[in-house]
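The report that follows is meant for someone meeting this structure for the first time. Please keep the sequence and the 3D view open while reading.

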Amino acid sequence: MDTDALAPLDEDFSTALVVVAHPDDMEFGGAAAIARWTGQGRRIAYVMVTSGEAGIDGTSPEEARPVREAEQVDSARLVGVEEVEFLGFPDGVVEYGLPLRAAIAHAIRRHRPEVVITLNFREEFPGGVLNQADHVAVGRAVVDAVRDAANRWVFADQLDDGLERWDGVREVWVAASPRAEHAVDVTDTFDDGVASLRAHAAYIAGLGWEDFDAGEFLGRITRDNGEAFGTEHATTFEVLRM
């Protein structure tokens, strides 16, 4: 990512749909931007492909599922998002394919967003940390499902339920991407983003990260981005024009 060339994100939209693999995916960097947009009156909904039930080593998936879903709902409300859906795919073993594309296309047709937001699906995160398989599968499927939702002859059985095709998605925004060239100022909503991450208390505790501080963790990222963007805090996105 060439942070010297960060351009302002085009925020001329009224509806957006976030589609990510797990609860906490947006909170590890992108939730402050969501708070900015909901605070401006934009309608944003969340779709979680899994419930993150395999994310706590010491807790069985059956026990972890309701905990992680509840934490995500609370976290979303802290940044102004009231609609949170869980598609029920199995955590940790999400496969790219037609069932995943169909489920995401169905969500896009129902919500009819202008922008779809997802998490980095490239091989690595900024800084070289290797990505995780669910993120890669879901992000790739999101991009394809945007096209699928626009084509009435793809997953046409969905249209029998009264849905219409939706070709109104103009861009996909990819958070935490090493190819990000756009940014948005989140100085005023940084604290909201921190609070939304802290809401995943059981998950964070289960990671076993001693002395983890959500504000310090997010601040390192957003301040570096902000320095390049000319603000105190900024969140970056890769923009895919559809």
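## Helix contacts and the sheet

In helix α5, Phe 190, Gly 193, Val 194, Leu 197 and Arg 198 meet Ala 214, Gly 215, Phe 217, Leu 218, Gly 219 and Thr 222 of helix α7, where contact means heavy atoms within 4.5 Å. By class, this contact of α5 with α7 has 6 nonpolar, 4 polar and 1 charged residues; Ala, Val, Leu, Ile, Met, Phe, Trp, Tyr, Cys and Pro count as nonpolar, Asp, Glu, Lys and Arg as charged, and the others, Gly among them, as polar.

The model is a predicted one, in which local features need pLDDT of at least 70 and side-chain atom pairs count only at pLDDT 80 or more, while totals for chains, interfaces and linings use all residues. Residues are numbered from 1 along each chain as its sequence is written, and side-chain values use heavy atoms, with hydrogens and water left out. Helices (H or I, at least four residues) and strands (E, at least two) are DSSP runs, numbered from the N terminus.

| Helix pair | Axis distance | Angle |
|---|---|---|
| α5 (residues 190-198) and α7 (residues 214-229) | within 9 Å | roughly 130° |
| α1 (residues 31-39) and α5 | within 7 Å | roughly 125° |
| α3 (residues 98-111) and α4 (residues 133-150) | 8 Å | about 55° |

Axes are lines fitted to C-alpha atoms, for helices over the stretch in contact, and angles run from 0 to 180 degrees between N-to-C directions. Angles under 35 degrees count as roughly parallel, over 145 as roughly antiparallel, 65 to 115 as roughly perpendicular and the rest as oblique. On that scale α5 and α7 are therefore oblique to each other, α1 and α5 are likewise oblique, and the angle between α3 and α4 makes α3 oblique to α4.

Helix α5 also meets α1, where Ala 31, Ala 32 and Ala 35 touch Phe 190, Asp 192, Gly 193 and Ser 196 of α5. The residues of this contact of α1 with α5 divide into 4 nonpolar, 2 polar and 1 charged.

Between α3 and α4, the α3 residues Leu 100, Arg 101, Ile 104, Ala 105, Ile 108 and Arg 109 face a set in α4 that includes Ala 137, Val 138, Ala 141 and Asp 144. The contact of α3 with α4 has 11 nonpolar, no polar and 4 charged residues.

Strand β8 (residues 234-241) has 7 of its 8 residues buried, so it is largely enclosed by the rest of the structure; buried means under 20% relative accessible area, exposed over 50%, and partly exposed in between (1.4 Å probe, protein chains only). Strand β6 (residues 171-175) pairs with β8 in the antiparallel sense over 5 bridges, and Val 172 stands opposite Leu 240 in β8. Strand β7 (residues 182-185) is joined to β8 by 4 bridges, also running antiparallel, and the bridge partner of Asp 185 in β8 is Ala 234.

Conventions. Two strands pair if DSSP finds at least two bridges between them.
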